[in-house]
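Please read this report with the sequence and the structure open beside it, and look for each part as it is named.

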Amino acid sequence: MNLTLRVWRQKSASARGRLVTYEAKNISPDMSFLEMLDVVNEELIDRGEPPIAFEHDCREGICGACGFMINGVAHGPKRATTVCQLHMRSFRDGDRLTLEPWRARAFPVIKDLIVDRSAFDRIVQAGGFISALTGSAPDANAILVRKEDADLAFDAAACIGCGACVAACPNAAAMLFTAAKVSHLGLLPQGQPERSARARNMVAAMDREMFGSCTNAGECEAVCPKEIRLAFIARLNRDLLGASFRGGGARNAASPSDRTPRAAP
Amino acid sequence: MTVGATSASLVDGRLDAKLPPGPIEQKWERHCFDMKLVSPANRRRYTVLVVGSGLAGAAAAASLGELGYKVECFSYHDSPRRAHSIAAQGGINAAKNYRNDGDSVFRLFYDTVKGGDFRAREANVYRLAELSLNIIDQCVAQGVPFAREYGGLLDTRSFGGAQVSRTFYARGQTGQQLLLGAYQALERQVGLGTVTMHTRAEMLDLVVVDGRARGIVTRNLVTGAVESHVGDAVVLATGGYGNVFYLSTNAKASNATAIWRAHKRGAFFGNPCFTQIHPTCIPVSGEHQSKLTLMSESLRNDGRVWVPTKVGDTRPPDRIPIGERDYYLERKYPSFGNLSPRDIASRAAKEVCDEKRGVGPGGRGVYLDFADAIARLGEPAIREKYGNLFDMYERITGENAYRVPMRIYPAVHYTMGGLWVDYNLMSTIAGLFVAGEANFSDHGANRLGASALMQGLADGYFILPCTLADYLARMRPDTLDAGHPAFRAAEVEVAERVRRLLAINGTRTVDSFHRELGHLMWDYCGMARNEAGLRHALRKIPELRAEFWANVRVLERNEELNQSLEKAGRVADFLELGELMCIDALHRTESCGSHFREERQTPDGEALRDDEHFAHVAAWEYTDRLAEPNLHREPLHFEYVHLSQRSYR
């Protein structure tokens, strides 16, 4: 099959970008989307043109490195699928596809389809953990966890940190990402002591990084390759509300007390 | 009294693994007591550089940061959470004996030594089995959402043919959850200021001053800046080198550059030819294939492996009557059948494909058929057990495995070889520690399922914090800085190499060289090797390397994000490492663990070990002449698990 690609090319963070048209020829339906780009890039290099820069690593849909917009949809048309797991049989001969990087103030473009998502790491630094010093743990079975809680915690923990939720959100909010971590840890007994502080500090970090606010558009859930549910945002808001009554937990946070809870779905 | 970590591991040309004295079950504990400590007030005066942020690297960086050392951690990814540990599916072993099924530290130790086909150090493996208990405790405390029973206790499963149920798991994403646990502990330390994280920074050289590893040179992958970093010790936790085969289950960026640079600076390379081939991967679909995807081995619990009996039978599988199918694993290994160990299942698949009985495009595939299991248990039961794997298979191949048999083929999955380290995880360069898959490790000639995660975390959480302290306690912090001539020289070398790569401007892409190297390695240094093939590869690889340096095309500049340039540097190192792997494979004229040397087999075609000549670790020393490395042998002694030939018939 043959496709026409319009790809965002931007040499560096400070350079101006533009859409450039390329033809992808003789594409096998068995190729993954990234393998199709590999083929385009090999041809570009042969012609002496700079290849399209895109981030990727495991190509198994688990590392979270890859992701860009395909015709305005984060990770493209297939539900619950990262671009590395998207295969060309999902497209038709003659399709015109526009590829753009994640667009968000908190995710500045580095080059072409690659953006800087280090803001996610800083949100985690603010509280996305359980403080358990190496060596200090009790026997693993000393902590009982209800199976339902463990399963739900896992659902939240499945987040791969790709940033599609931010890219899809009309406000470029990071609520689904943050809520997934707050829910994962808050659902487990080990996570209780820091639960309020975690919610407050992570949300404060989110604001510092200039992510937008959540208005329940629900676009994040629709594109999440790991199907993280919107209900986790409600859980985050509950924790945040609880934290505002209980106080405390301001460690490392800038000024968490001026936060009002976000809208709940 | 134990030998200190600082003393050279090479004494009069003989490798000293520095195994502590005493009975095996007391070695580690006694060693911990014998090792020196750094007082809490002094720890911040020492800087430790940790390269890599996967399970071993993130665990080490977080734990050392918690202890109060100044830690600098490096990753070429945009975030430490991307490391390829994240892709491990199956689980992590721990000798908890929660199932009351007769498991014990000794049994896990025994299974691992035997599984490694007697090519691992007993003392290391015993320690690994001991620490498996602490690892699970630690991970649960961090909030890793392991599978649970209804009573709230941890669930376990039997994995990879083990007779006890000792594998803890988090659905099919155990590696992801363990890595996120370590990543979160690491980010906590970053937030607290004990660890400085350098992302998008690739280590391109090791700096050795007065015989000690004192720093690294990195390239900033966004700006191209070449930078020096000084430390009192260096930890390499940079993963395996399976991508030397081009196609493997490794992530695209996984590479050998850090360990290869260290090797060229004096670190010996242990057992480079020991590669694990995983039997259940999705076959190659065409020349465009960029990587291979593993399907969990658990599928072999219910799937039956077969190929047509007739050569060149191209009928669709449902048109081939039972009588014309060869269920070759059940036929050849009746007692283990479809659950035969990884190496045996892999080799058997290669054999039937070599006989032109393979299925699917290119004829490199065998059927993994669930029809009988579906008939027996019903489709819902199969869906319940393996639904996510069937979905993944359909996403990649477009085929519904409930209707047609899956097609699988072996693929490179893990490298047991790596930099040689002593019991303290220190390489032959003082102050250079190597952890996780990057070291030659505790898996011998073949790794058991669910052991890689265990080893990475044991190294990072529990072993390095002790052995590094012992090393640092013997060193006085000094004022060495990056102005030292050794750093300047390494920076110049790195910059010059980058300049050379960009200046060639030839006609072939980096990937085309990488693919060609991969074919050579897979054909001649893969599952089965022989002398003629290895000699052929040893002629071809230097030719390919010469062509690479004369004809590779790397566009754009150094001073920007340049993915072709990154790849070119890695492939240049693979082109050297591949040669060493073939040299090692040629030297080892025995069939052992995951590799089969065709000249050494029993009359019925089974692998034949040669304990008399090869019960040793082959540790190779770089000599400036790639074709002539020096071989050092570390003999292996088996006092607790008696040498015996494996039999799965």
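## Two domains in chain B

In this predicted model, the C-alpha centres of domain 1 of chain B and domain 2 of chain B lie 31 Å apart. Domain 1 of chain B covers residues 280–411, and domain 2 of chain B covers residues 485–635.

Where the two domains touch, domain 1 of chain B provides five residues and domain 2 of chain B also provides five residues. On the side that belongs to domain 1 of chain B, the largest share comes from helix H9 (residues 342–354) of chain B, which gives four residues. Sorted by class, the residues on this side of domain 1 of chain B are one nonpolar, one polar and three charged.

## A pair of helices in chain B

Helix H14 (residues 510–524) of chain B and helix H15 (residues 531–551) of chain B form a pair whose axes come within 10 Å and cross at roughly 170 degrees. Angles over 145 degrees count as roughly antiparallel, and H14(B) and H15(B) are therefore roughly antiparallel to each other.

From H14(B), the residues that take part in this contact are Phe513(B), Glu516(B), Leu517(B), Leu520(B) and Tyr524(B). They meet a set of residues in H15(B), among them Leu534(B), Ala537(B), Ile541(B), Leu544(B) and Phe548(B). By class, the contact of H14(B) with H15(B) is made of nine nonpolar, two polar and two charged residues.

## A buried residue, Phe168(B)

Phe168(B) is found in strand S6 (residues 167–168) of chain B. A residue is buried if 20 or more other C-beta atoms lie within 10 Å of its own, and Phe168(B) therefore counts as buried, with 30 C-beta neighbours inside 10 Å.

Leaving aside residues up to four places away in sequence, Phe168(B) touches Gly91(B), Ile92(B), Ala94(B), Ile136(B), Phe146(B), Leu154(B) and Thr156(B). Asp369(B), by contrast, is 201 residues from Phe168(B) along the chain, and the C-alpha atoms of these two residues are separated by 27 Å.

Chain B contains 17 helices and 23 strands. The radius of gyration of chain B is 24 Å, close to the 26 Å that the globule rule gives for 649 residues, so chain B is as compact as a globular protein of that length. The C-alpha trace of chain B spans about 75 × 60 × 50 Å along its principal axes, and buried residues make up 59% of the 649 residues in chain B. If one takes the contacts in chain B between residues at least 6 apart in sequence, 73% of them join residues at least 24 apart.

Chain A contains eight helices and seven strands. The radius of gyration of chain A is 20 Å, close to the 18 Å that the globule rule gives for 265 residues, so chain A is as compact as a globular protein of that length. Along the principal axes, the C-alpha atoms of chain A fill a box of roughly 60 × 40 × 35 Å, and 54% of the 265 residues in chain A are buried.

## Where chain B touches chain A

The contact between the chains takes 62 residues from chain B and 68 residues from chain A. On the side of chain B, the elements that give two or more residues are helix H3 (55–67), helix H5 (122–142), helix H6 (174–192), helix H11 (379–397) and helix H16 (563–587) of chain B. H6(B) gives the most to this side, with nine residues. By class, the side of chain B that touches chain A has 22 nonpolar, 23 polar and 17 charged residues.

Notes
Residues are numbered from 1 along each chain as its sequence is written. Chains are lettered from A and ligands numbered from 1 in the order in which they are written. This is a predicted model: local features need pLDDT of at least 70, side-chain atom pairs count only at pLDDT 80 or more; totals for chains, interfaces and linings use all residues. Two residues are in contact if their C-beta atoms, placed from the backbone, lie within 7 Å. Ala, Val, Leu, Ile, Met, Phe, Trp, Tyr, Cys and Pro count as nonpolar, Asp, Glu, Lys and Arg as charged, and the others, Gly among them, as polar. Domain bounds come from an automatic or database domain assignment. The radius of gyration is taken over C-alpha atoms; the globule rule is 2.2 Å times the number of residues to the power 0.38. A residue is buried if 20 or more other C-beta atoms lie within 10 Å of its own, exposed if 12 or fewer, and partly exposed in between; C-beta atoms are placed from the backbone. Axes are lines fitted to C-alpha atoms, for helices over the stretch in contact, and angles run from 0 to 180 degrees between N-to-C directions. Angles under 35 degrees count as roughly parallel, over 145 as roughly antiparallel, 65 to 115 as roughly perpendicular and the rest as oblique.
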